[in-house]
Amino acid sequence: MVKKVVEKQEVTIVFAGDSGDGIQLTGTQFTNTNALFGNDISTFPNYPAEIRAPQGTVAGVSGFQLKFGSVEVSTAGDICDVLVAMNAAAFKVNLSQLKKGGTVIVNIDGFDKRNLKLAGYEENPLEDVALESYRIIKIDVTKMTRAALVDSGMSRKEIDLSRNMFVLGVLYYMYNRKMEGTELFIKQKFKGKQDVIDANIKVLRAGYNYADTSEIFTSRYNVKAARLKTGRYRNIMGNQATAIGLVAAAQKSGLDLFYGSYPITPASDILHELAKHKNFGVRTFQAEDEIAAIASVIGASFGGKLGVTASSGPGIALKGEAIGLGIMLEIPMVICNVQRGGPSTGLPTKTEQADLMQALHGRNGEAPMPVIAAASPSDCFKTAYEACQIAIEHMTPVMFLSDGYIANGSEPWNFPTADELEEIIPPFAKEEDAPYIPYKRDEMLVRDWAIPGQKNLEHRLGGLEKDYLSGDVSYDPDNHQRMVKTRAEKVEKIADRLPLQEISNGEESGDVLVIGWGSTYGVIKTAVQQSVKEGLSVGHMHLRYINPMPKNVKEIIGRFKRVIVPELNNGQLVSIIRDKFLVDAEKLNKIKGIPFTTAEIVAAIKKEEVEA
Amino acid sequence: MSLENEALEKTKLTPKDFATDQDVRWCPGCGDYSILKQVQSIMPEIDKAKEDIVFISGIGCSSRFPYYMNTYGMHSIHGRATAIASGLKISRPELSVWVITGDGDSLSIGGNHLIHTLRRNFDMNILLFNNEIYGLTKGQYSPTSPEGKVTKSTPIGSIDSPFNPLKLCMGANASFIARTIDRDPKHQREVLIRANEHVGTSMVEIYQNCNVFNDGAFEVFTDKNMKEEETLYLEHGKPLLFGKENNKAIRLLDCRPVIVDTADFTTEELWIHDETDRFKAQMLTNFFDNPAVEGRLPRPFGVFYVEDRYRYEEALEAQVQYAIEKGGKGDLNELLSGHNVWTVGDE
């Protein structure tokens, strides 16, 4: 049967199933295949905190949302066109996200009596007349997978592990994609286990063929390659981009990277990625706790290395005192906070932007430090690189902010070459400059960095207040005030090197300015572009440098009548904007552990009442 | 003397070269002075250039120490000196790293870092100044203060069971364990030199008198009339002898140490100290009786245990080299592009 081919500009799909169903892997494979094909993509994995929450329950549902298109894609989508539900619980959790008329592909084996009960359904929802507004495609994935592998000699349990490949095959058929990339991935992942490789590839192809020969699809869909900026691309996740940014900064500064950290969701993937790059001279150290992690970084930085640690909010709280020591010592260090829902343990696997005030102020005493925030998965590279550059060239700890959404999300990245990256020059002291005066500063208030092994530059540093020049312990009242002011001014002066703030999207001046920071970039961009298309006068200013801010932020704010600050917190940047610029900025807050939808931001621009 | 030797003699550092211009601010009579002096005195002998030596401390009276050493140094934050030293040692394995800490700093707030440093066995020296009191905060009990100790925070006496620090270190798999005391400079020197020679984490507990808040805590081990009975100086390969003119000895009877008259046994029948014997070292750390208790065992001083075990920083370095051999030296362009690249436009 020849099937009709329907052209689509963009498609949003949600893969959902039990956390043991291989949903994240399925989503990632589908993403990579489409990225390689040339679509623009944005992804949003959404998984539970429990590694294996009770099977079949709503708590155990793992989701992976992606939007891919032939047009520019900046968010993973508000609502989805296609929902793939491996069981009843996954269906229950995600149905509200499906648009009317959308397609649901369900594994009917996941809707048996037991699964319905676990999901809290009295009746099978697939038989509900209310579902008539959706197109439901029922496949017994379990049965099909078992049939495909009937001669494999594998146990039923092993066989069922390949079910996700069947679904992936179905989708590859549906969107007319080649399977070579995934087949190669399977071969690499299960290297040495030929039976597993054979089984997975067989099931993948079985899914594809099933979709082709069965009558379940009357049409296939075609999403053409996107017209991205000319250049070379790869797909990248935020945490991966962060790790690569750190390695690149180490290479370009000539310093070895020392990475001390303690495992924590959602930052651990940075450690995993860096541990793979020891051939770049990267030394990773899994410390006994968060405090030891940053303490080891202080030791490494004191020794002349690029010291970096990463954590999430709870871990950053534990590191506070040591960050203060780094500020007193004035040594380069980068602290990455991959934010998650708080307070306390909060929502480990959900996203939030509620650690901005912690980044700016979460230490005892007057302890200012530069804070910069990544705007998207690929921007994590640039931001991490800049964090290292500022830390090294200005001899200061720097806070790099990311969050769960961009850390685990992915997008195509027009990556630079090594030559295109700016050089980073550590301000090392020279032996011939002895006697060394530890706190003598240059015009940017940066002191020279003398490290153990340098002859005649021996000196002692510490957390006690220090004399303005010698660094010796000083309790002198005037000296303390002078040092507090100097440390603040030193951070402020970094603004001299920052590029001026630009309007990221939309109008350069006009009625409404939407100010964002961090992972809301994509959704604000989409909302602002949509509003402008509708004839509204709206601009989008996205702050990557939060402390210090670029020098012209105030001037930009002055060009607009209204200012809105959407944040995934209870109002933090908005307080800073109001405080710094005495402007009546409006809040737009969402604190649900999930990103904004475009509609929510558009509504705020239009002053419509919606519940965020 | 040849010219060469003369030049060498001139450049040879003396303890004075390791003193700084800072006024030493410990209370007059503090045991820390003696330790500072001994550490400065061994520095010219440790075969390291001054610029290759780093002293790192936490917080407490003893942690002022780095300010008085003319080497690289850091007076850090409470409890974290071992963790900071760990990062430094990983990054710069060639440096001689010394951690200065106290009983509050390393056994209370920094306890976690201490045990993990010991098991990882970085090549560094930890000098734990144990005075059984919080001095800098003016006299609260510490994790090594004996039960019943009356201090500002325990007016009716401490109800905390104290740590036996060396037993703890043994449990954390330390590769070098020793004890010395501030009032015995000669012994201190010997132990410090041994600690420096040991490749791995050298744990040296130094009994240190706080003459302001806990004066006389270790008097029984230094008092002329008592010390012979109360102390046991360990020497590798020699029997465990103590008492007046070494008239007493320790003997193992059914795997338990008992005090015997030296005269009643041949040397072979006595406990011969073997610092490489983990089981015996474990037992020696248990010689921790209250000096007021009848039938107590004497308190050992000297090197309890030495083990040659791989160092974390060397193993990590080997992994870095292995990764380079296996994967080639990292190429930044390859890292940036990854393995799945597509091109848009005419490139």
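In which sense do strands β19 and β22 of chain A pair, and over how many bridges? Select residues 510-517 (β19) and 560-567 (β22) of chain A: the two strands pair in the parallel sense over four bridges. Strands here are DSSP runs (E, at least two residues), as are helices (H or I, at least four), numbered from the N terminus; two strands pair if DSSP finds at least two bridges between them.

Before moving on, note that this is a predicted model, in which local features need pLDDT of at least 70 and side-chain atom pairs count only at pLDDT 80 or more, while totals for chains, interfaces and linings use all residues. Residues are numbered from 1 along each chain as its sequence is written, and chains are lettered from A and ligands numbered from 1 in the order in which they are written.

**The sheet in chain A**

Show A:L513 and you will find its bridge partner in β22(A), A:V563. Now widen the selection: five strands of chain A form an open sheet with mixed pairing, in the order β18-β20-β19-β22-β23. β18 (505-506) and β23 (586-589) of chain A stand at the edges with a single partner strand each, so one side of each has no neighbour in the sheet.

**Helices on the sheet**

Next, select residues 573-581 of chain A. This is helix α19, which lies across β19, β22 and β23 of chain A and runs at about 145 degrees to β22(A).

Keep α20(A) and bring in α17 (521-533) of chain A: their axes come within 8 Å and cross at roughly 50 degrees. To see the contact (C-beta atoms, placed from the backbone, within 7 Å), pick A:V523, A:I524 and A:A527, among others in α17(A), which meet residues of α20(A) including A:I601 and A:V602.

**Across to chain B**

End at β9 (231-237) of chain A, which runs antiparallel to β12(B) and is joined to it by three bridges. Here A:G231 stands opposite B:V344.

Terms used: Two residues are in contact if their C-beta atoms, placed from the backbone, lie within 7 Å. Axes are lines fitted to C-alpha atoms, for helices over the stretch in contact, and angles run from 0 to 180 degrees between N-to-C directions.
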